[in-house]
Amino acid sequence: MKKRVYVLYGGKSCEHEVSVESALNIINELDKNKYDVFALYINNDGTWTKPFQIKISLTASDLKQLATFKYSQIQSLFDFFVGTLNKNSIVFPVIHGTYGEDGKIQGMLEMFNIPYVGNGVGASSIAMDKILSKKLFDSQGIPQAKFISFSKKQFQSHKNLYIQLVEEQIGFPCFVKPANMGSSIGISRCITVEELLTAIDQALHYDHMVLIEEEIKGKEVLVALTGNEEIRCSLPGEWQRSISFFNYEDKYMDDELTPIIPAVLPQKTYENICSFAKKAYETLGCSGMLRADFFITKNHEIYLNEVNTIPGFTQHSMFPLLFQKSENKTYSELLDYLIDLGYSQHKLKSSLQYIRG
């Protein structure tokens, strides 16, 4: 009997369109001779569609057409989770950002005892929170850019104090980021106090917590990590580019981006990157996959920029490219491997005892 794979995508997130692109590649690359593949779409407003079996290659517009197959009531959706999904099924979440990459979907799937691909609740929620994850990495001695953080209420009450802290502790240029957001949404580079104030206001549209970091001058190098207990680190990769900061459009809509794999680095620098990346993986308690992004200065100093628990799977995404180049395997084989890791992690969790006896 073939396993059922439900690719869960879309969602109530600013990264909705990226999720659709990632899901498109995954659905088209999953081996239909090995799996019964179903698209499971969540609209921008949070409403769920009924699962739709996919037997042929699709386009992005085809996936959006599935939005018309909505569940008419909550009870029908509940019946799907407790009745349709079984041990022969696995969910492949590809919802980037809020309500998908932050542990909410993972928590729901665990409540229904449904196997799923990728990181669990704890790793997902902590990694999504840039402030919390940075504090955690800092406690483990993982090098990062200097940063400060504050809430909307704190900033409104002590605006001058925080501006002074930025000037004295961070300096300009600096980057302003909402605490919980991805794909460079809500992020601004500032070189003056006036730009800083505007950037903070913009970031607070996406989250009530704000992170401000010093600018690290260097190139960005990425590695892909896979595995559960045994962690595998890919070759390093970088983008050939002429700009210092990728915004949303640069990341997903620029057809001229050129990946360089492996990135041009001394072997020792690469080994140190992998060491820090694995330490971040273990610190978060990751499973399945992670993309870790670093800045490397001209003096080969290493700074962890951020991690992504559901990395992109679009045609521009580095994660699948890194795996393919490092493991000499196809996109479909990557998906097979991640699905196997998902089943293994579910089996491990199911072996735990939750009743005292």
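Accessible areas here come from the Shrake-Rupley method with a 1.4 Å probe, and for residues only the protein chains shown count as cover. By that method, the protein on your screen exposes about 16,800 Å², with carbon and sulfur atoms supplying 50% of it.

Before you click around, a quick word on the model: it is predicted, so to speak of local features pLDDT must be at least 70, side-chain atom pairs count only at pLDDT 80 or more, and totals for chains, interfaces and linings use all residues. Residues are numbered from 1 along each chain as its sequence is written, and side-chain values use heavy atoms, leaving out hydrogens and water.

**Stop 1: the whole fold**

Switch to cartoon view and you'll have 13 helices and 14 strands to look at. These are DSSP runs numbered from the N terminus: helices are H or I with at least four residues, strands are E with at least two. The radius of gyration (taken over C-alpha atoms) is 21 Å, close to the 21 Å that the globule rule (2.2 Å times the number of residues to the power 0.38) gives for 357 residues, so the protein is as compact as a globular protein of that length.

Now colour by burial. Buried means under 20% relative accessible area, exposed means over 50%, and partly exposed is in between (1.4 Å probe, protein chains only). Of the 357 residues, 54% are buried.

**Stop 2: the disulfide**

A disulfide is a covalent bond between the sulfur atoms of two cysteines. A search of the whole structure finds one.

C233 sits in strand β10 (residues 232-233) and C274 in helix α11 (residues 267-284), so the pair ties together parts that are 41 residues apart in sequence. Look along the S-S bond: the torsion is about -80 degrees, so this disulfide is left-handed. Both ends are tucked away: C233 counts as buried at 18% relative accessibility, and C274 does too, at 9%.

**Stop 3**

Next, pick C174. This cysteine is in no disulfide, and the nearest cysteine sulfur, that of C190, is 4.8 Å away. Is C174 buried or exposed? C174 is buried, with a relative accessible area of 0%. Click on C190 to finish: C190 is in no disulfide either, and is buried with a relative accessible area of 0%.

Definitions and conventions:
Disulfide = S-S within 2.5 Å.
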